[in-house]
Amino acid sequence: MNQLAHAVHQRESSAKQWIVAPAHPDAPRLAEQLKTSRLIAQILLNRGIDTADAGYEFLRPTPKQLHPPQTLHDLPRAAARIAEAIAHKQKIVIYGDYDVDGITATSILWRAIRLLGGAAEYYIPHRLEEGYGLNSAAIEQLIQHGAQLLISVDCGISAMEAAAVAERASVDLIITDHHQPCRDAQGQVQLPKCHSVVHPQLGDYANRHLCGAGVAYKLAWGIGQACIGGAKVSDEFRQFLIDAAALAALGTVADVMPLLGENRALVHFGLGGLKQSPLLGIKALIASAGLDGQKLDSVHVGFALAPRLNACGRMGHAALAVKLFTEANEQEARQIADYLQGQNQERKKIEQAIFQQAAEQVETKQMAAEQFALVVSGEDWHPGVIGIVASRLVERFHRPTLVICRNDSACQGSGRSIEGFDLADALAGCHDLLLSHGGHAMAAGLKVHPDQLEAFTARFFACARQSIEPESLLPRLKLDAEAGFKELTLAAVQELSRLEPCGQGNPRPTLLCGNVTLVCPPRRVGAAGEHLQLQLMRDDVRIKAIAFRAARWIDLLSAGRPVDLAVQPQINVYNNHRSVELLVRDVRPAQ
């Protein structure tokens, strides 16, 4: 059996690999210094936080963790030019993007410039008709309609041709982006010719993982300083920055940026302000998701708020979502939020149909058994949802995945990756076969001519085979510590919330609870009985648990044998009664 076949056999014949962090010898010391529990100290040490000072900084984010905007590449120059345009009432057009990051970035800059007295408008390209990024036709049109300063957000770093259009028309273009810049054959960064490029990966900025909305937030801050001519901003603008952190948090979480350092502080304060946000659009969005009055965390953003905003760009035109956060009055905001809800429901139906076809294609071609990556395509697939389908295929098959919508002129694709395989670099290695490409290590997009699709697929498969170790194709589940039920008190689980916001780079704590018995057989719940509700016992302590989409485990859990559970503890509130509940991530026979 070759290495790949062995890895596939391992993945299909067993549960995920459980990688349990051993008890750290420094956990008692750190717990004592921070006046916290052993579990918190263990989890911090797992994250590489091994001193009391670093622990305090992590557990108690402060605004001081936000880096000065002037340290971001080209930001002072860009802010000064925008302040000049505001003072002279020049027409400023913000060129955004159609995902949550682009929507929130556009909204932040529009609100900042308008608050400072500027004449700002926004332009959002249509996902299906124009595609991602700055395009020359749109730039020409905006200039013809009187744009005197153009600002891109969450796009533009590779827009050489569009930048040249603005340069020929003598219109300044400021590019703000966070995607990987182009490089020449020698590896040197190639930037568009424009007024300035504000980008966290250029220069020596301390946070290279700032998203598009984060860059826009820092630029807005810098504009506020430039307009007043000092290091501080006006009291009114300071309040704006406090309120705008909610928009920056939405973009950061939705774009799956690492929630560490500056990003963690920005999201901490942004999420904290969501519930009380004065922005009509945020209020309407929260209400449409049925989250009024709740304390909102990164899970609510990732699974309730962000999908509604993304659905607008995937199914229709994202300019409506920007209007929600900018110009909409209270009635319009409610109407837009309700519309987004309907778009999201339609998106789910289309996504599920494409996913089923794509998964069948993988299994019919035995792609997962023969290749280190997946490439699937279909003629009638909606290009607005193929990125989500790619994510779901990665979850099922644990391989870098490209999902491509075929048509006669150009095939449009979206991809997601696994840890250790840089998708953007892989596409760059196929650039001569592609019409366009771009993105991140974990998510990227492409366009390819139909005549080149077969050759591109073969080269992409070869790149994956060369770059990926077979062991990397085995899904891994990292567990922070082993814990008994007696440790999982209401107070202890409540304290785990200090680790929020959780997400990329700071995952929700997952614990091993070993040798657990079921008090009674699992109970199927959900419309189709796809979830399992459990009553568990260990150490004479009983705890309820829920396992989502876990009907396949019912035989193992019904057998009456002790099991090991990988769980995420949470607080359940019912009729004002608070209790510990376990979210089950995986199960195996007791070891």
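**Exercise 1. State how many aromatic pairs the structure holds, and describe the geometry of the pair F237 and F240.**

Solution. The structure holds four aromatic pairs, where rings of Phe, Tyr and Trp (its six-membered ring) pair if their centres lie within 6.5 Å, and where planes under 30 degrees apart count as stacked, over 60 as edge-to-face and the rest as tilted. For F237 and F240, the ring centres are 5.1 Å apart and the planes stand at 45 degrees, so this pair is tilted. Both residues belong to helix α10, in which they are three residues apart and thus separated by about one helical turn; helices (H or I, at least four residues) and strands (E, at least two) are DSSP runs, numbered from the N terminus. F237 and F240 are buried, a word that means under 20% relative accessible area, with exposed over 50% and partly exposed in between (1.4 Å probe, protein chains only).

The model is predicted, so local features need pLDDT of at least 70 and side-chain atom pairs count only at pLDDT 80 or more, while totals for chains, interfaces and linings use all residues. Residues are numbered from 1 along each chain as its sequence is written, and side-chain values use heavy atoms, with hydrogens and water left out.

**Exercise 2. Classify the pair F421 and F460, and find which parts of the structure the pair ties together.**

Solution. With 6.1 Å centre to centre and 80 degrees between the planes, the pair of F421 and F460 is edge-to-face. F421 lies in the loop between β11 (411-416) and α18 (423-428), whereas F460 lies in helix α19 (residues 453-467), so the pair ties together parts that are 39 residues apart in sequence. F421 is buried, at a relative accessible area of 4%, and F460 is buried too, at 0%. Ring pairs also bring in F456, linking F421, F456 and F460 into a cluster.

**Exercise 3. Determine which residues lie nearest the centre of the second largest pocket, and which element gives the largest share of its lining.**

Solution. A pocket is, on a 1 Å grid over the protein atoms alone, an open set of points where a 1.4 Å probe fits, with protein on both sides within 12 Å along at least five of seven lines, and lining residues have an atom within 4 Å of a point. The second largest pocket is lined by 21 residues, of which P63, Y217, R238, L241 and I242 lie nearest its centre. Two or more lining residues come from each of α9 (212-228), α10 (235-254) and α11 (261-274), and α10 gives the largest share, six residues.
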